[in-house]
Amino acid sequence: MSIRESCKCKHYVALIQWSRSISIYQKRHLKRFVTRIGRGDAVTLQQLLKERATVRQTDRSNSVPSGLQLRRVMIQETLPFIGFGFLDNAIMIIAGEYIEITIGATLGISTMAAAALGNWISDLSGLSLGSKVEMLCLRFGLPTANITSEQSNHPLLKRAVFIGRVVGISVGCILGMFPLLWFH
């Protein structure tokens, strides 16, 4: 007896749609199970699948983050990246300039080589200062977004995180260019 024969066609379609979300190993067991159940059990199974689909749709509607949550997430992501961008650019400019004036003049390295070494020093500093920047941002006491586990994978939330980081790093890098005011 085939799967189609053991279930009515609409039950079979519902099972196939549901089975797309499970692993291959589980699909083998599902096919064995379906071939052994009767038509009454197939109707019960269809009802269970409909209930599961309804629960999933309800979960999806609750998983959409609110506008307030999205704004809070953006702010929480923006602040540390402002600090990181500021420190990264400022340290890179200062270290690159110092390397160019001292080592560059002595060894005859190019301006780009001095900038690359300044970037290396800035990256090393970022590794040690990154956690300090995050701790400082926590001291601001910003309200939390209270994101649920379902909301954490929502595309809107991921976009808010990305936008917050882009804005933060951009503002931080522009502010971190202040040492250029001192160099001629």
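Visitor: Which hand does the crossing of H5 and H7 have?
Guide: This is a predicted model, so everything here is read off computed coordinates. In it, H5 and H7 pack with their axes 6 Å apart. The hand of their crossing is right-handed.

Visitor: Are H5 and H7 roughly parallel or roughly antiparallel?
Guide: Start with the angle between the two helices, which is about 30°. Angles under 35 degrees count as roughly parallel. That makes H5, relative to H7, roughly parallel.

Visitor: How many nonpolar residues does the contact of H5 with H7 have?
Guide: Sort the residues of that contact by class and you get two charged and six polar ones. The nonpolar group of the H5 and H7 contact numbers 17.

Visitor: What about H5 and H6: are they roughly parallel or roughly antiparallel to each other?
Guide: Helix H5 covers residues 67-107 and helix H6 covers 111-139, and their axes come within 7 Å. They cross at roughly 150°, and angles over 145 degrees count as roughly antiparallel. H5 and H6 are therefore roughly antiparallel.

Visitor: Is the crossing of H5 and H6 left-handed or right-handed, and how many charged residues sit in the contact?
Guide: The crossing of H5 and H6 is right-handed. By class, their contact has 15 nonpolar and eight polar residues. The charged residues there number four.

Visitor: Zooming out, how many helices and strands does the protein chain have?
Guide: Reading from the N terminus on, the elements go α-α-α-α-α-α-α. The count for the chain is seven helices and zero strands.

Visitor: What share of the contacts between residues at least 6 apart joins residues at least 24 apart, and what share of the chain is buried?
Guide: Take the contacts in the chain between residues at least 6 apart in sequence: 80% of them join residues at least 24 apart. As for burial, the chain has 184 residues. The share of them that counts as buried is 28%.

Visitor: Is Gln69 buried or exposed, and which residues is it in contact with?
Guide: Gln69 sits in helix H5. With 13% relative accessibility, under the 20% cut-off, it counts as buried. Skipping neighbours within four places in sequence, Gln69 is in contact with Ala145, Asn146, Ile147 and Gln151.

Visitor: What is the phi of Asn146, and is the residue buried or exposed?
Guide: Most residues other than glycine have a negative phi. Asn146 is not a glycine, yet its phi is positive, at about 50°. You'll find Asn146 in the loop between H6 and helix H7 (155-175). Its relative accessible area is 57%, and over 50% means exposed.

Visitor: Where does Pro65 lie, and which residues is it in contact with?
Guide: Look in the loop between helix H4 (39-62) and H5 for Pro65. Its relative accessible area is 5%, so Pro65 is buried. Leaving out neighbours within four places in sequence, Pro65 is in contact with Leu70, Gln151, His154 and Leu157.

Visitor: How many Å apart in space are Pro65 and Ala145?
Guide: Along the sequence, 80 residues separate Pro65 and Ala145. In space, C-alpha to C-alpha, they are apart by 9.2 Å.

Visitor: Is Ala160 buried or exposed, and which residues is it in contact with?
Guide: Ala160 belongs to helix H7. At 4% relative accessibility, Ala160 counts as buried. It lies 91 residues from Gln69 in sequence and 9.5 Å from it in space, C-alpha to C-alpha. Setting aside neighbours within four places in sequence, Ala160 is in contact with Leu70, Val73 and Met74.

Key: Residues are numbered from 1 along each chain as its sequence is written. This is a predicted model: local features need pLDDT of at least 70, side-chain atom pairs count only at pLDDT 80 or more; totals for chains, interfaces and linings use all residues. Side-chain values use heavy atoms; hydrogens and water are left out. Axes are lines fitted to C-alpha atoms, for helices over the stretch in contact, and angles run from 0 to 180 degrees between N-to-C directions. Helices (H or I, at least four residues) and strands (E, at least two) are DSSP runs, numbered from the N terminus. Angles under 35 degrees count as roughly parallel, over 145 as roughly antiparallel, 65 to 115 as roughly perpendicular and the rest as oblique. A crossing is left-handed if the near helix is turned anticlockwise from the far one by less than a right angle, and right-handed if clockwise. Ala, Val, Leu, Ile, Met, Phe, Trp, Tyr, Cys and Pro count as nonpolar, Asp, Glu, Lys and Arg as charged, and the others, Gly among them, as polar. Buried means under 20% relative accessible area, exposed over 50%, partly exposed in between (1.4 Å probe, protein chains only). Contact means heavy atoms within 4.5 Å.
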